[in-house]
Every structure is written in structure tokens, then in C-alpha cells.
Amino acid sequence: MTSRFGRLFSITTFGESHGGGVGVVVDGCPAGHAFALEPIQAQLDRRRPGQSALTSPRDEKDRVEVLSGLDPDTGRTLGTSIALLVRNENQKSKDYGNLARLYRPSHADFTYEAKYGLRAVPGGGRASARETIGRVAAGALAEQLLETLAQVSIVAWVSSVADIEAPLPDESTISRELVDQNDVRCPDPAAAQRMIEAIEAARKDRDSVGGVIRCVVRNVPVGLGEPVFDKLTADLAKAMLSLPATRGFEVGEGFAATRMRGSQHNDPYSFEAGRVRAKDNRSGGIQGGISNGEPLRFAVAFKPVATIFKAQDTVTREGEAVRFEAKGRHDPCVLPRAVPMVEAMTALVLIDHVLRQRAARL
């Protein structure tokens, strides 16, 4: 199993949902960076369960520990591997006691067992969204570097839940403070209230709902990405679709571009304030797989959470048809907690490409 992501700035996540802990090893972080733990913990707090009535009630504080990679006197990075750990504290493995023989609908139970010949039953092991703790921690570190090197800022928000779609905000001014004004992390208050009601209705019906997260990245340097296989578009798509429950990725106008003509979708160039600008940014900040200096604009689709509390049909390992009813603590909608996950994967892709571009210019 590979749990590694990135080339120059690379991460390796580790741990299972019901093991001793989960975390990440970061390689390639430049030496001398003034490492700050508070922004990392802040992003983990936005990701953790139990933060609101809309999320799983699993009571985990998700406090991060730094095991290596920092100078003990200055707190600066040493250029060596940085290991970050979050210990699991509130597992209830007994909730999974009846799952060893059967395959939960739309989970990775069957496919993991088919691939490896066995699987971690409690919590789904590596298939659990708890694996994303390592990504979020490493992504928050990557954001610090991006801000230092290029003043890059990343903001994601919940754009839709089920059939409720919020109007697009002003992408030049949207902030995390605005996004976090409500539990669903949608910057439009009216749409947010309807989303909250939809999620609560799904929970009451013992069901779940999905939706879309949008993201904007400002101050992106020109020239990130490669023209063929390592296009910035492709690497962002891979990063987003590696997150649990994702089902789609689009950049710029996305699938709406299929309904446009070229004359409607093309970005006219202009020359402003001493640089070339793509006037309408319908390409979402990427052309030919390479960033053009405009804000990155993309969206990620998430399916309804697979664990629901309605009885469902499934089979056992021996092929016996059974009715399965889930127990335990689960989110009725993954989107509010997935916002920092999207931001983290965005930061990891961008810092890797920033370092690759700097290396290419040496």
C-alpha cells in the first residue's frame, strides 16, 4: 500500500481509525522555516468530529504532537523529516463487532479484503476519513510555506448540499472567518440555514446527503505545473479525488464549459499593472496545465456518506444474503469537515509545484 503524496514536498500518512493514533511524515520542508503549531491545530480543529450538531459525535480533541524535524532551541525546521502525530482517544471498536463477516454497502470492505486478503474491521482502517488528519496537518504546514514564499491564500467553502445551492461569493474577498460563521461552512447565511435544515432532516431520516465544495486560491505564481502529464489541473484533480467520498472535480467553468462556444469560454488577454492578465478567468487560473497568475477556481463533488442507519441489503463473506443496520457515530454529511481537507490537499499540490519551479530555475 502506498500512502505517499508529492515529489519535492512529500508526505506519508500513517495509522488506522481505531489504532493508537494517526499522523504524517513530511519530507522536503526547507530548513530554517519558522514552524508555527497554532495554524496546524486550528485546521485540525476545523476537521475534527464533535465540533457541531452536524458532525459525528465521536469525541476526539485531535491534539497534534511534533515528534521530529524541529530545532528544540529555535523551533525552526531542520530540513529533516517532520513527524506529526495525533493520538486516538475515543474509539468504540465494539460498534464494529458484527462487521467482520459482512460487507457494508458502498464501503471499501469488500475491495480492501479482495486486494489484501484481510482488512481492519473497526472504523474501516485506512479507508476511514480519520486518515485525513495527516493530510490536514501537513497541508497547514504547506500553507505556512506558501504564505512565506508567495503570499498565497487558500479558502474553500460549502457551495451546495443536496439540491440547495448557494450564490457564488466575491472570490476576491472571501475569507475563512466568513466561511466559519456557521456550522455548515457556507458563506451565504440564507443558503447555510437551508443546508443545515437539509442535513438535520437527513439525520432524522437515518440517511445522509452530499454536495459540492468550492475553492479559490489567490496570489498563485505564474508557471506552476507541467505541460503534459504533471499538469497543475491533473495534480489538483488527483489530490481532490484521493479524498474520501469525492466523486467529481472541475476547474474554472468546469462542466458548464461544455454548453458554451469557444467565443464565450475563451479568456481574452490584457496588459495591466505591468503584467499579462486573463480577463475573465474562465479557465480558473490554469491554461495548458500551467498556472497563469489568476486565482485558481475549482470545485469538488462529495457523495452522500455511505454509513446510514437505515436497514440495507448486503452479503457476508460466504455469500449469505443479510440485512445490515449500521451502529456507531457517523456524519450525515461530510462537507463541513471536508472544507479543511480540500484546503490541505490544495496547499500540498501547490507547495510541491512551487518548489519544483524554483528548482527548475536554479
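**Figure 1. Charges of the protein chain in the predicted model.** The 47 positive and 45 negative charges have mean positions 3 Å apart. Lys and Arg count as positive, Asp and Glu as negative, while His and the chain ends are not counted. Each charge is placed at NZ of Lys, CZ of Arg, CG of Asp or CD of Glu. This is a predicted model, in which local features need pLDDT of at least 70 and side-chain atom pairs count only at pLDDT 80 or more, whereas totals for chains, interfaces and linings use all residues. Residues are numbered from 1 along each chain as its sequence is written, and side-chain values use heavy atoms, without hydrogens and water.

**Figure 2. Helix H3, residues 132–150**. The 19 residues of H3 reach 26 Å from first C-alpha to last, close to the 27 Å expected at 1.5 Å a residue; the expected span is 1.5 Å times one less than the number of residues. Helices (H or I, at least four residues) and strands (E, at least two) are DSSP runs, numbered from the N terminus. Of the 19 residues of H3, 16 are buried, meaning under 20% relative accessible area (1.4 Å probe, protein chains only).

Figure 3. The secondary structure comprises eight helices and 16 strands. Of the 362 residues, 52% count as buried. Among contacts (heavy atoms within 4.5 Å) between residues at least 6 apart in sequence, 70% join residues at least 24 apart. The C-alpha trace spans about 65 × 55 × 40 Å along its principal axes.

Definitions and conventions
Buried < 20%, exposed > 50% of the residue type's maximum accessible area, 1.4 Å probe, protein only.
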